[in-house]
Amino acid sequence: MIRMENVSKVYRTERVETLALDNVNLAVEAGDFVSVMGPSGCGKSTLLNLMGLLDEPSEGSVELEGVRVDGFGDRRTARLRNEKVGFIFQQFHLISDLSVLDNVEIPLLYRRLSHRSRRRMALEALDRVGLASRVHHFPTQLSGGQQQRVAIARAMVGRPRVLLADEPTGNLDSQMGDEVMALLEELNGEGTTVVMVTHDPRLAERTHRTVRLFDGRQVH
């Protein structure tokens, strides 16, 4: 599904050079559920950004479903990302002046789908996360756990092959966090590949395996 070979990432400014990832080699197979752990600033989010085609490595290669994707043009990369990858963030990133339904529909706007098809798929995704009764609410009218479920519906609405989750339970209490984790486990059980950054060892234990980073390097 995802293969990273000898991947390094350097961020440069006029005065500072920061090595975010150093010679990472990682393979995530289809249907896998991988947690990524490590202290703050160790490169976890950078790793997810490279997997999700939001950034390119400074060195090394990234493959998605057997195709090397680093070096793709912006348009081709955006289309591949929209079709293959779903993102879930700690901060939800919902648009406050759009309804729940409209928020979930956003990724589908970049596809050649009719308005009716987009609505149907968004409604199905919201029903899946237990929010069918909240489709006309706005994000500020929802609890944190409900907002994260909207974010998951938005990530899964396009039926991506892989979900990348960056601290998806970080802003939730333990009960809400367990509900979100159960939903990710359910999606993974149906074949969706999941890579999740987390600081919570209790949640990491529920995944298939854990990748650990320290100062941009894999540790074992």
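How do the residues of the lining of the largest pocket divide into nonpolar, polar and charged? They divide into 12 nonpolar, 5 polar and 6 charged, where Ala, Val, Leu, Ile, Met, Phe, Trp, Tyr, Cys and Pro count as nonpolar, Asp, Glu, Lys and Arg as charged, and the others, Gly among them, as polar.

The views show a predicted model, in which local features need pLDDT of at least 70 and side-chain atom pairs count only at pLDDT 80 or more, while totals for chains, interfaces and linings use all residues. Residues are numbered from 1 along each chain as its sequence is written, and side-chain values use heavy atoms, with hydrogens and water left out.

**View 1. The largest pocket.** This pocket has a volume of about 530 Å³. It is lined by 23 residues, and the closest to its centre are Arg81, Asn82, Val85, Phe87 and Pro107. Helix 2 (74–84), strand 6 (85–89) and helix 5 (144–156) are the elements that give two or more residues to the lining; the largest share, 5 residues, comes from helix 2. Helices (H or I, at least four residues) and strands (E, at least two) are DSSP runs, numbered from the N terminus. On a 1 Å grid over the protein atoms alone, a pocket is an open set of points with protein on both sides within 12 Å along at least five of seven lines, a cavity is a set where a 1.4 Å probe fits but cannot get out, and lining residues have an atom within 4 Å of a point. Points are joined across faces, edges and corners, and a volume is the space filled by probe spheres set on them.

**View 2. The second largest pocket.** Its volume is about 180 Å³. Helix 4 (residues 115–128) gives the most to the lining, with 4 residues. The lining includes Met121, Glu124, Ala125 and Arg128, along with Met156, Val157, Leu187 and Thr192. By class, the lining has 7 nonpolar, 1 polar and 4 charged residues.

View 3. The order of its 6 strands is 6-7-8-3-9-10, with mixed pairing; two strands pair if DSSP finds at least two bridges between them. Strand 6 and strand 10 (217–219) are the edge strands, each pairing on one side only. From one strand to the next the twist averages 25°; axes are lines fitted to C-alpha atoms, for helices over the stretch in contact, and angles run from 0 to 180 degrees between N-to-C directions. Strand 3 (residues 33–37) and strand 8 (residues 193–197) run parallel and are joined by 4 bridges, with Val36 opposite Val197.

**View 4. Helices on the sheet.** Helix 1 (residues 44–51) touches strand 3, strand 7 (162–166), strand 8 and strand 9 (209–214), and its direction makes about 155° with that of strand 7; contact means heavy atoms within 4.5 Å. Because 6 of its 8 residues are buried, helix 1 is largely enclosed by the rest of the structure. Buried means under 20% relative accessible area, exposed over 50%, partly exposed in between (1.4 Å probe, protein chains only). Helix 5 lies across strand 6 and strand 7, at about 165° to strand 6.

**View 5. The largest cavity.** The structure holds 1 cavity of 30 Å³ or more, and the largest cavity has a volume of about 70 Å³. Among its lining residues are Leu50 and Leu53. Leu50 is one of the buried residues of helix 1, and Leu53, which follows that helix, has a positive phi, near 65°.
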